[in-house]
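Student: Please pick one part of this structure and take me through it closely. What should I look at, and what lies around it?

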Amino acid sequence: MGAATLSRPPVGSLSGVSPTTPASPARLVVLVSGAGTNLQALLDACTDPAYGARVVAVGADREGIEGLARAERAGVPTFVHRVKDHATRADWDAALTDSCRGYAPDLVVLAGFMKLTGATFLAEFGGRCVNTHPALSPSFPGMHAPADALAYGVKVSGATLFVVDAGVDTGPIVAQVAVPVEDDDDEQSLHERIKVAERAMLVATVGRMAREGFSISDRKVRFGQ
Ligand code: GRF
C-alpha cells in the first residue's frame, strides 16, 4: 500500500489496495482527540522498518492533548482543526480533508478521534480510512461503548477496527478482539482492559493492511490482493 503502488479506488468500489514493501512503507495519517496511547503503539511499531508503515502526520480536533505531545516527541508533524473555528461543520470537514491530503496518506487511522468525519472527507478517503472502537460491533456504537456494555451486563466486550463509512461505527469490520468483563468492573477499568487488547489489535492489523494490501467486497474485508 505504498504511495507509489496504491491504486485509489472510487468510493463504492473498495478494492485494489496494493501491498507496500519495507522500502516503500505505507504513509499513515493518524487522527486523535485524547491520550493517544493507540497512536503511541503505532509510532512504536513504525520504528521497525519491517512493520511496513510510518506515521507521516498526526491531526487533532483540539489543542493541548497528550496525543499531539506524543507526535511532537516523535518528530511527527501535527495539525489541529477545531470545529468551533469554522463557520460550518462542512467547512471543518473540508479543512480536515485538505490537511490530511497534504500528507498523501495511504491510510488514515482514526485512533480515539472523537468526531464524525463528513462527506468531503469520505469522498477523499473512503475505503482507506479505519477507526478503532472499544466494543464488539455491531453492539454499542457511539461515544460511551464501555459504559453501555457494562449497563447491558454483557460478559464479553472488546474492540473493533473498521473501515469508516457514513454511519456511526457501522463500516466493514477489519478485525475484532474479545475482552472479558469482570464482575467488579467500572467504566474506567473495563475501558483500560479493552485498550490493552485494542492497541495490540490496531498495530497488528494496520501492519497487515500495509504489508499485504486489502480489499473490501460486500462488507467483507480481506487481506492480500
Ligand atoms: C480508544 O479506546 C478508542 O477506541 C476510543 O477512545 C480510546 C482512545 O484512547 N474511541 P487513546 O487516546 O488512543 O489512548
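**A ring pair and its surroundings**

Tutor: Start with Phe79, which is buried, with a relative accessible area of 9% (buried is under 20%, exposed over 50%, partly exposed in between, with a 1.4 Å probe and protein chains only). The model is predicted: local features need pLDDT of at least 70, side-chain atom pairs count only at pLDDT 80 or more, and totals for chains, interfaces and linings use all residues. Numbering starts from 1 along each chain as its sequence is written, and side-chain values use heavy atoms, without hydrogens or water.

Phe79 has a partner. The structure contains 4 aromatic pairs (Phe, Tyr or Trp rings, the six-membered one for Trp, with centres within 6.5 Å; planes under 30 degrees apart are stacked, over 60 edge-to-face, the rest tilted). One of them joins Phe79 to Tyr103. This pair is stacked, with 6.0 Å centre to centre and 10 degrees between the planes. Phe79 sits in strand β3 (residues 78–80), while Tyr103 is in the loop between α3 (89–102) and β4 (107–110), so the pair ties together parts 24 residues apart in sequence (helices are DSSP runs of H or I with at least four residues, strands runs of E with at least two, numbered from the N terminus). Tyr103 is partly exposed, because its relative accessibility is 25%.

Now set another pair beside it. Phe140 and Tyr152 have ring centres 5.9 Å apart and planes at 65 degrees, so this pair is edge-to-face. Phe140 belongs to the loop between β5 (129–133) and α5 (145–152), and Tyr152 to helix α5, so parts 12 residues apart in sequence are tied together. Phe140 counts as buried at 17% relative accessibility. Tyr152 counts as exposed, at 65%.

Go back to β3 and the sheet around it. The sheet is open and has 7 strands, in the order β3-β2-β1-β4-β5-β6-β7, with mixed pairing (strands pair if DSSP finds at least two bridges between them). The edge strands are β3 and β7 (173–180), each pairing on one side only. From one strand to the next, the twist averages 20 degrees.

Helix α2 (residues 66–73) touches β1 (26–32), β2 (53–60) and β3, and its direction makes about 155 degrees with that of β3 (contact means heavy atoms within 4.5 Å; angles run from 0 to 180 degrees between N-to-C directions, with axes fitted to C-alpha atoms, for helices over the stretch in contact). Helix α6 touches β1, β2, β4, β5, β6 and β7, and its direction makes about 150 degrees with that of β7.

Look at α2 again. Its residues Gly67, Leu68, Ala69, Arg70 and Ala71 are buried. Their cover includes β1, α1 (37–45), β2 and β3. Just after α2, Gly75 takes a positive phi of about 75 degrees.

Helix α6 (residues 187–212) also meets α5, the helix that holds Tyr152. The axes of α5 and α6 are 9 Å apart, at an angle of about 115 degrees. Pro146, Ala147 and Leu150 of α5 make the contact with Glu187, Leu190 and His191 of α6.

Last, step back. The chain has 6 helices and 9 strands. Of its 225 residues, 50% count as buried.
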